[in-house]
Amino acid sequence: MITTTGLTKVYRSGGRDVTALDGVDLHVREGEVYGVIGQSGAGKSTLIRCLNLLERPTSGTVTVAGQDLTALAGNQKRANAALRAARSHIGMVFQHFNLLSSRTVQDNVELPLEILKVDRNERSRKALELLDLVGLADKAKAYPAQLSGGQKQRVGIARALAGDPKVLLSDEATSALDPETTRSILQLLRDLNRQLGLTIVLITHEMDVVKTICDSAALMKNGRVVEQGTVAELLATPGSELARELFPVGGEPSTDDHTVVDITFHGEAATRPVISELARTYNVDISILGAAMDTVGGKQIGRMRIELPGRFEENVVPIGFLREQGLQVDVADTVNTADAAIPAPAAALLEEGAK
Ligand SMILES: Nc1ncnc2c1ncn2[C@@H]1O[C@H](COP(=O)(O)OP(=O)(O)OP(=O)(O)O)[C@@H](O)[C@H]1O
């Protein structure tokens with residue numbers, strides 16, 4: 001639904017160039033909720049603003065629903081009209097709602113339809129339908145100042161849906177809201193995604209948001225996407241920073257003379273009793289140091305940190321067994337760095353063990 005290739009944005013600021021986006025290749029599938037996460041200054045806002053050409057990229061392309069928006073962006077009147085038409089199929093929700101205080105809730109939702117020159121009766125019908133969809137049918141005549149933060153964001157979402165968008169972009173839509181209201185807005189976004197088949201790209205700095213509603217995620221650092229994929233793919237990627245943040249497992253190893261292993265369960269492997277099989281097959285005592293299980297997109301996913309007696313060299317075969325079960329297995333390099341990917345020599349030994 002959305003593809004960017006080599007997307008680059010350089011700002012000229014105070015006589016020097018700031019590269020906010022540095023060759024971003026993004027792939028968002030139709031109907032998914034896609035989270036972009038990263039620290040302040042990573043380039044998230046710039047990216048989302050480039051997706052609907054609110055910000056004009058310095059180079060690279062943005063294609064939404066098969067249409068190359070960057071090709072439409074020109075200075076001629078016709079190009080602008082084409083871009084406006086394409087943009088009407090991309091809704092946007094903002095952190096601070098951006099409602100007009102002098103307009104009623106209904107009139108705020110009608111605004112994009114006025115710009116699209118939809119007639120008065122149709123505008124009114126559509127706005128009331130959308131307010132009903134976001135649970136605010138009784139607030140049509142209220143003014144933004146009379147609403148709570150969560151209600152304001154519901155109006156912002158209804159307004160974003162006015163042009164029947166295929167894509168909804170959300171720029172930190174829940175950052176200004178308390179945890180309870182955040183949950184209800186995320187639930188609303190999830191419901192809209194399912195009911196309307198809406199593709200949603202949301203940017204956030206909160207891992208919990210990604211965990212609650214995202215099917216896929218990308219991690220941004222210094223204007224680059226350093227990891228991206230479905231949650232299951234990320235979990236299956238050795239050393240994935242996103243996977244580690246999504247499913248942190250704590251637990252300190254007891255002594256140096258043990259091997260600490262982080263196991264990621266997803267798909268069919270999540271439902272099999274692999275730990276007890278391991279203990280029985282190899283007659284080994286296993287300590288569980290930490291674990292986190294969750295349901296993501298209706299599938300059980302989790303991580304577990306276990307400790308096996310003996311050094312790594314003595315555990316090559318049991319670890320090989322775990323990998324044969326289709327589990328993602330990361331062996332701690334040394335004590336307290338158990339989240340590290342399998343170190344190269346260890347990986348070589350594991351392959352030996354598997355033979
Ligand atoms: N209009 C601008 N002019 C100059 N530099 C800018 C402009 N907008 C953003 N930048 C710079 O581009 C980089 C990326 O900023 P951006 O706002 O996209 O990051 P972000 O990840 O969204 O951060 P935050 O979470 O704090 O909003 C930063 O170094 C920022 O200072």
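**Group meeting: helices, a sheet and a ligand shell**

Contact here requires that the C-beta atoms of two residues, placed from the backbone, lie within 7 Å. Helices (H or I, at least four residues) and strands (E, at least two) are DSSP runs, numbered from the N terminus.

Some background. This is a predicted model, in which local features need pLDDT of at least 70 and side-chain atom pairs count only at pLDDT 80 or more, while totals for chains, interfaces and linings use all residues. Residues are numbered from 1 along each chain as its sequence is written.

Two strands pair if DSSP finds at least two bridges between them. Strand 3, residues 33-38, and strand 8, residues 199-204, are joined by five bridges in the parallel sense. Which residue stands opposite valine 36 in strand 8? That is isoleucine 203.

Strand 1 (2-13) and strand 2 (16-28) each supply at least two. In total, 13 residues surround the ligand, and the closest are Tyr11, Ala20, Ser40, Ser45 and Thr46. Near means that the C-beta atom, placed from the backbone, lies within 6 Å.

Next, helix 4, residues 105-115. Its buried residues include Val105, Val109 and Leu113. Buried means 20 or more other C-beta atoms within 10 Å of the residue's own, again placed from the backbone; exposed means 12 or fewer, and partly exposed is in between. The buried residues of helix 4 pack against helix 5 (120-133) and helix 6. Just after helix 4, lysine 117 takes a positive phi of about 60°.

Last, histidine 266, in strand 11, residues 258-266. Why does histidine 266 count as buried? Because histidine 266 has 23 C-beta neighbours inside 10 Å. Histidine 266 and proline 144 are 122 residues apart in sequence and 44 Å apart in space, C-alpha to C-alpha.
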